[in-house]
Amino acid sequence: MVGLKVGDAPKYLKQICDQRFELVDAFFTALHNKPFASGSQVDGPRAQQELLVLAKQVGGDFITGLDIVWSAAPRPVDPTVFGNN
């Protein structure tokens, strides 16, 4: 599960909602082309860094960070505006 951190979420909510499927597609494509080991202490931070760069390219610089949870049955750490995408 990848959660986006946005500095001013209310200001960018519409833009995030409009781009959510492009972001999901970009993440899936990147992870398919270059998979990371699930739960890896080494790959986890590297995946977070690489996917943040990708998220900013697709979504915009208002994305300030990512939370990544490695799980066979992912659930958001916090409530999201999208549910589970």
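This passage goes through a predicted model, from the overall fold down to helix H2 and Arg-46. Local features were taken at pLDDT of at least 70 and side-chain atom pairs only at pLDDT 80 or more, while totals for chains, interfaces and linings use all residues. Residues are numbered from 1 along each chain as its sequence is written, and side-chain values rest on heavy atoms, with hydrogens and water left out.

The protein has 2 helices and 2 strands, which run β-α-α-β along the sequence; helices (H or I, at least four residues) and strands (E, at least two) are DSSP runs numbered from the N terminus. Of its 85 residues, 25% are buried, where buried means under 20% relative accessible area, exposed over 50%, and partly exposed in between (1.4 Å probe, protein chains only).

Helix H2 covers residues 43-58. Its 16 residues reach 22 Å from first C-alpha to last, close to the 22 Å expected at 1.5 Å a residue, the expected span being 1.5 Å times one less than the number of residues. The buried set in H2 consists of Asp-43, Gly-44, Ala-47, Leu-51, Leu-52, Leu-54 and Ala-55. These residues pack against strand E1 (2-6), helix H1 (9-33) and strand E2 (63-68). After H2 comes Gly-60, with a positive phi near 135°.

Arg-46 also sits in H2, and is partly exposed at a relative accessible area of 32%. Leaving aside residues up to four places away in sequence, Arg-46 touches Lys-34 and Phe-36, a contact being heavy atoms within 4.5 Å. Arg-46 and Phe-36 lie 10 residues apart in sequence and 8.7 Å apart from C-alpha to C-alpha.
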